[in-house]
Amino acid sequence: RASWNPVTDDGMMHCVAPGMPFAMLGRGPHPIDFIERNGNIVIRAEYFDIVRVVHMGERENIAEQPLSKLGYSVGHWENDELVVRTTQIDWPFFDRTGVPQSEESEILERFAISEDSTQLAYTITVNDPGTFTEPVTAHWTWQWHPELKVEPYECIIE
């Protein structure tokens, strides 16, 4: 982390979309939505036009999937909670402050809608033995605003 230079190393300063886990952690005020498509779940975030596919009921060998900055996500339902495991991540940073991330990183996410359907509880646990001595967990809640739509994201460098 000591070699991190935010001017040259922070891809977002150059309009480069972040990889996982920061793709979900750093969305700011931008909306997200979930769409069921061909039996899978597509998570769309306005933030940098991020699109993730959660492969539901995946039976292929995950280790044979190519590495990518968003990784390869496989999900299943535990009652009313969507549980997503992401591996095959090829993104060098855990966050936007230069904390490194290894290809050993494995992310477990849980999404649960509140009883009144107005909030989405989100829990993320990152297990990266190449970087951390123990798993790192964060939790927060997003509010549902039906009037908001995921719009195209325009990154401008001035």
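**Close-up views of a predicted model**

**View 1. Cys-15, a partly exposed cysteine.** Cys-15 has a relative accessible area of 27%, which makes this residue partly exposed. Buried means under 20% relative accessible area, exposed means over 50%, and partly exposed lies in between (1.4 Å probe, protein chains only). The model is predicted: local features need pLDDT of at least 70, side-chain atom pairs count only at pLDDT 80 or more, and totals for chains, interfaces and linings use all residues. Residues are numbered from 1 along each chain as its sequence is written, and side-chain values use heavy atoms, with hydrogens and water left out.

**View 2. The disulfide of Cys-15 and Cys-155.** A disulfide is a pair of cysteine sulfur atoms within 2.5 Å. The count here is one. Cys-15 and Cys-155 are joined, S to S 2.0 Å. The link is left-handed, with -85° about the S-S bond. The pair links distant parts of the chain, 140 residues apart. Cys-15 sits in the loop between α1 (6-9) and α2 (22-25), and Cys-155 in the segment after β8 (136-143). Helices (H or I, at least four residues) and strands (E, at least two) are DSSP runs, numbered from the N terminus. Cys-155 is also partly exposed, at 31% relative accessible area.
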